[in-house]
Amino acid sequence: MNTRDLLLDGLKWRYATKAFDPEKKIPSDLWTVLEDALVLTPSSFGLQPWKFFVVSNPELRERLVALSWGQRQVADASHLVIFAVKSPVTEDDVHRHIVNAETLQGMPPGTLGGFEKVVNGFLANPPYPLDLRAWATRQVYLALGNFMTSAALVGVDTCPMEGLDPAGYDAALGLEGTGYFTVAACPAGYRAANDKYATAPKVRFPKSAVISTID
């Protein structure tokens, strides 16, 4: 199968899984690949204003069901990832990113000082009206989309979830006071044999309705 067909087949195969098989687990080596995919997600300025919490404690995951509108996926899936935003993004966060970039790319310290000033200027005085927390949250959604697509390409089911109590999650996960706030959750694993949604036709508008070419 060529790369094009692999991509399209994976995207056609995936769906927001409503029921996971609790007995079927993602192999550890495959999970490592999906964690790597999360780390490789792009973000504005490369700042990565996020953290991903992989919840393995079964008692905690059962508690999260009540904070997720009763959706069992958070407890039944093989793995559960919580996507959290860093807010506010501070000058210290920017400096940590700059130092990391200089180190990884073999640059002398201070090489990216000009870029650091640009980023700090953007955060302190955006060039257009901007809610910085909303802006950082949009970066987190890039990671969520990247995770789901990557999972589909390796045959792992996912279910993106905003149907949850963010403040309740923060309390349950011990995030209060850390500077990180729950944005969404994404159970990952393998669909249950009786999940009727697995074979339901995809409901999408035709390409002509959503893609326009501007010459």
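Visitor: What share of the contacts in the protein with a separation of 6 or more comes from residues 24 or more positions apart?

Guide: That share is 78%. A contact here means heavy atoms within 4.5 Å. Before we go on, this is a predicted model, where local features need pLDDT of at least 70 and side-chain atom pairs count only at pLDDT 80 or more, while totals for chains, interfaces and linings use all residues. Residues are numbered from 1 along each chain as its sequence is written, and side-chain values use heavy atoms, with hydrogens and water left out.

Visitor: How many helices and strands are there in the protein?

Guide: Helices (H or I, at least four residues) and strands (E, at least two) are DSSP runs, numbered from the N terminus. This protein has nine helices and four strands. The C-alpha atoms fill a box of roughly 55 × 50 × 35 Å, taken along the principal axes.

Visitor: In what order do the four strands form the sheet?

Guide: Here's the general idea: strands of a sheet pair through backbone hydrogen bonds, either parallel or antiparallel. Two strands count as paired if DSSP finds at least two bridges between them. In this case the sheet is open, with the order β1-β2-β4-β3 and antiparallel pairing. β1 (50-54) and β3 (157-158) each have a single partner strand, so one side of each has no neighbour in the sheet.

Visitor: Over how many bridges do β2 and β4 pair?

Guide: Eight, joining strand β2 (residues 79-86) to strand β4 (residues 180-189) in the antiparallel sense. To pick out one of the partners, find L80, whose bridge partner in β4 is P187.

Visitor: Which strands does helix α7 touch?

Guide: Helix α7 (residues 132-153) packs on the sheet and touches β1, β2, β3 and β4. Its direction makes about 155 degrees with that of β2. For such angles, axes are lines fitted to C-alpha atoms, for helices over the stretch in contact, and the values run from 0 to 180 degrees between N-to-C directions. Helix α8 (residues 166-173) lies across β2 and β4, at about 85 degrees to β4.

Visitor: What part of the 215 residues is buried?

Guide: Buried means under 20% relative accessible area, exposed means over 50%, and partly exposed is in between (1.4 Å probe, protein chains only). Buried residues make up 41% of the 215. Take T158 in strand β3, which is buried at 2% relative accessible area. Apart from neighbours within four places in sequence, T158 has contacts including Y15, F20, F147, A151 and P187. Another example is L38 in helix α2 (residues 28-39), buried at 3%. Setting aside neighbours within four places in sequence, L38 is in contact with F52, V81, F83, A143 and F147.

Visitor: How many salt bridges does the structure hold?

Guide: Side chains of opposite charge can pair when their charged atoms come close. The rule used is a side-chain nitrogen of Lys or Arg within 4 Å of a carboxyl oxygen of Asp or Glu. There are five salt bridges here. One of them joins D157 and R191, at 2.6 Å from N to O. D157 lies in strand β3 and R191 in the loop between β4 and α9 (207-210), so this pair ties together parts that are 34 residues apart in sequence. D157 is buried, at 2% relative accessibility.

Visitor: Which residues are linked in a network of salt bridges?

Guide: E62, R72 and D76. R72 is partly exposed at 36%, whereas D76 is buried at 19%. Elsewhere, R4 and D5 meet at 3.7 Å, N to O. R4 is exposed at 58%, and D5 is partly exposed at 30%.

Visitor: Which residues make the nonpolar surface patch?

Guide: Patches are made of residues with over 30% relative accessible area and no salt bridge: like charges are joined within 9 Å, nonpolar side chains (Val, Leu, Ile, Met, Phe, Trp, Tyr) within 5 Å. Here M1, L6, L7, L8, L11, L153 and V154 form a nonpolar patch of about 600 Å². Accessible areas come from the Shrake-Rupley method with a 1.4 Å probe; for residues, only the protein chains shown count as cover. Helix α1 (residues 3-13) gives the most to the patch, with four residues. L11 sits in helix α1 and is partly exposed, at 32%.
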